[in-house]
Amino acid sequence: MRKPDDDKLDRIVAAARRAAEQRELGYRERALKMYPWVCGRCGRTFTRANLPELTVHHRNHDHDDNPADGSNWELLCVYCHDNEHSRYIDHVRGAGYDAPAPPSAAATSNPFADLKALLAHGKGEA
């Protein structure tokens, strides 16, 4: 069995610590420290075991808007987060209401076809 390279191991640990510090600077880690681990919609509570299922939702849907006070964030479970984005996409797209109407078939009957004859007939009887 080979002896582990202590220098290599130290570099790996240092890199892992730097990566963890970088992640802590991210908005997700800041939001997790700032807010209780509860879904803002359904109220589901989270622990370290299921924390990856808790997401940070940007209230104004702008992922670049990350104020230090967290006022643009809310914690949502993956299901509520997906639902929120689906609702937003439907709202933006108009849920298909702005799509052109399908072409309709041409009318095959004319309800006024014999109107002139009926009017003439009515005048002649009076």
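Q: What is the relative accessible area of Arg 41?
A: Arg 41 has a relative accessible area of 40% and is partly exposed, where buried means under 20%, exposed over 50% and partly exposed anything in between, with a 1.4 Å probe and protein chains only. This is a predicted model, in which local features need pLDDT of at least 70 and side-chain atom pairs count only at pLDDT 80 or more, while totals for chains, interfaces and linings use all residues. Residues are numbered from 1 along each chain as its sequence is written, and side-chain values use heavy atoms, leaving out hydrogens and water.

Q: Which salt bridge does Glu 84 form with 2.6 Å between the closest N and O atoms?
A: That one is with Arg 41, a salt bridge being a side-chain nitrogen of Lys or Arg within 4 Å of a carboxyl oxygen of Asp or Glu. Glu 84 lies in helix 3 (residues 78–93) and Arg 41 in the loop between helix 2 and strand 1, so the pair ties together parts that are 43 residues apart in sequence. Helices (H or I, at least four residues) and strands (E, at least two) are DSSP runs, numbered from the N terminus.

Q: And what about Glu 74, where does that side chain go?
A: Glu 74 also meets Arg 41 in a salt bridge, at 3.0 Å from N to O. Here, too, distant parts of the chain are linked, because Glu 74 is in strand 2 and Arg 41 is in the loop between helix 2 and strand 1 (54–58), 33 residues apart.

Q: Are those two Glu residues buried or exposed?
A: Glu 74 counts as buried at 13% relative accessibility, and Glu 84 counts as buried at 11%.

Q: Which residues make up the network of salt bridges?
A: Arg 41, Glu 74, Glu 84 and Arg 87 are linked in it. Glu 84 and Arg 87 meet at 3.1 Å, N to O, and since these two are 3 residues apart in helix 3, about one helical turn separates them. The count for the structure comes to 4 salt bridges.

Q: Switching to rings, how many aromatic pairs are there?
A: The structure holds 1 aromatic pair. Tyr 27 and Trp 73 form it, in a tilted arrangement with 6.1 Å from centre to centre and 35° between the planes; rings of Phe, Tyr and Trp (its six-membered ring) pair if their centres lie within 6.5 Å, and planes under 30 degrees apart count as stacked, over 60 as edge-to-face and the rest as tilted.

Q: Where do those two sit?
A: Tyr 27 lies in helix 2 (residues 27–34) and Trp 73 in strand 2 (residues 73–77), so the pair ties together parts that are 46 residues apart in sequence. Trp 73 is buried, at 0% relative accessible area, whereas Tyr 27 is partly exposed, at 28%.

Q: What makes up the nonpolar surface patch?
A: Tyr 88, Ile 89 and Val 92 make a nonpolar surface patch of about 260 Å². Patches are made of residues with over 30% relative accessible area and no salt bridge, like charges being joined within 9 Å and nonpolar side chains (Val, Leu, Ile, Met, Phe, Trp, Tyr) within 5 Å. Ile 89 lies in helix 3 and, at 38% relative accessibility, counts as partly exposed.

Conventions. Accessible areas come from the Shrake-Rupley method with a 1.4 Å probe; for residues, only the protein chains shown count as cover.
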